[in-house]
Amino acid sequence: ARAGKTCKEIREIVEAAYPGQSLSVSQTHRLIKTMKEGGDLSDKRGLATTRTVRTPGFIDAVRIAIESDRKLSLSQLAACHRASKATMLKILRKDLGLRKEGERWVPINPKKSKISKKNADIKCEVEEIEDSFDESIEFE
């Protein structure tokens, strides 16, 4: 793998080819060891796949845990399911529609929600438009 050269010689060749950008001796040793073991030396930067935690199965597992004990804290849920508190909070609020009230997780009240109020206003406007549209068209 080394073509009969020592680690120091390999490092000197790399330093001559790329002045100021060569590898350290320990990195050179690591690369030679990886090559001898038949490992992959390709550049893997930027190839990390994003880890998706909020899958339907995971959300169901959190829902089941909450149904069994609504007094579980955010920290307990995160530790139990090995996820961050931020991820757990997104699941509880966005996916399951829950909020913390006192010690318990309870459903978000849709009557107090600004989003549901906007949707209700839009629905009323659509119904008014449909009613006026029906009145304006007369068939003979």
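Q: At what angle do α4 and α5 pack, and how far apart are their axes?
A: An axis is a line fitted to C-alpha atoms, for helices over the stretch in contact, and angles run from 0 to 180 degrees between N-to-C directions. Here α4 and α5 pack at about 105°, with axes 9 Å apart. That makes the two helices roughly perpendicular (65 to 115 degrees; under 35 is roughly parallel, over 145 roughly antiparallel, the rest oblique). Helices and strands are DSSP runs numbered from the N terminus: H or I, at least four residues, for helices, and E, at least two, for strands.

Q: What should I know about the source of these values?
A: This is a predicted model: local features need pLDDT of at least 70, side-chain atom pairs count only at pLDDT 80 or more, and totals for chains, interfaces and linings use all residues. Residues are numbered from 1 along each chain as its sequence is written, and side-chain values use heavy atoms, with hydrogens and water left out.

Q: Which residues make the contact between α4 and α5?
A: Contact means heavy atoms within 4.5 Å. From α4 come L74, S75, L77, A78 and H81; from α5 come K85, M88, L89 and L92. By class, this contact has 6 nonpolar, 2 polar and 1 charged residues. Nonpolar covers Ala, Val, Leu, Ile, Met, Phe, Trp, Tyr, Cys and Pro; charged covers Asp, Glu, Lys and Arg; the others, Gly among them, are polar.

Q: Which residues of α5 are buried?
A: Buried means under 20% relative accessible area, exposed over 50%, partly exposed in between (1.4 Å probe, protein chains only). In α5 (residues 85-95), T87, M88, I91 and L92 are buried. Seen down the axis, they fall within an arc of 135°, so they line one face of the helix. The arc is taken from the directions from the helix axis to the C-beta atoms. These buried residues pack against α3, α4, β1 and β2.

Q: How do the axes of α1 and α2 cross?
A: They come within 10 Å and cross at roughly 110°. α1 and α2 are therefore roughly perpendicular. C7, I10 and R11 of α1 meet V25, T28, H29 and I32 of α2. Their contact has 4 nonpolar, 2 polar and 1 charged residues.

Q: Where is S24, and is S24 buried or partly exposed?
A: S24 sits in the loop between α1 and α2. S24 is partly exposed, at 28% relative accessible area.

Q: Which residue just after α2 takes a positive phi?
A: G38 does, at about 80°. Just after α5, G97 takes a positive phi of about 65°.
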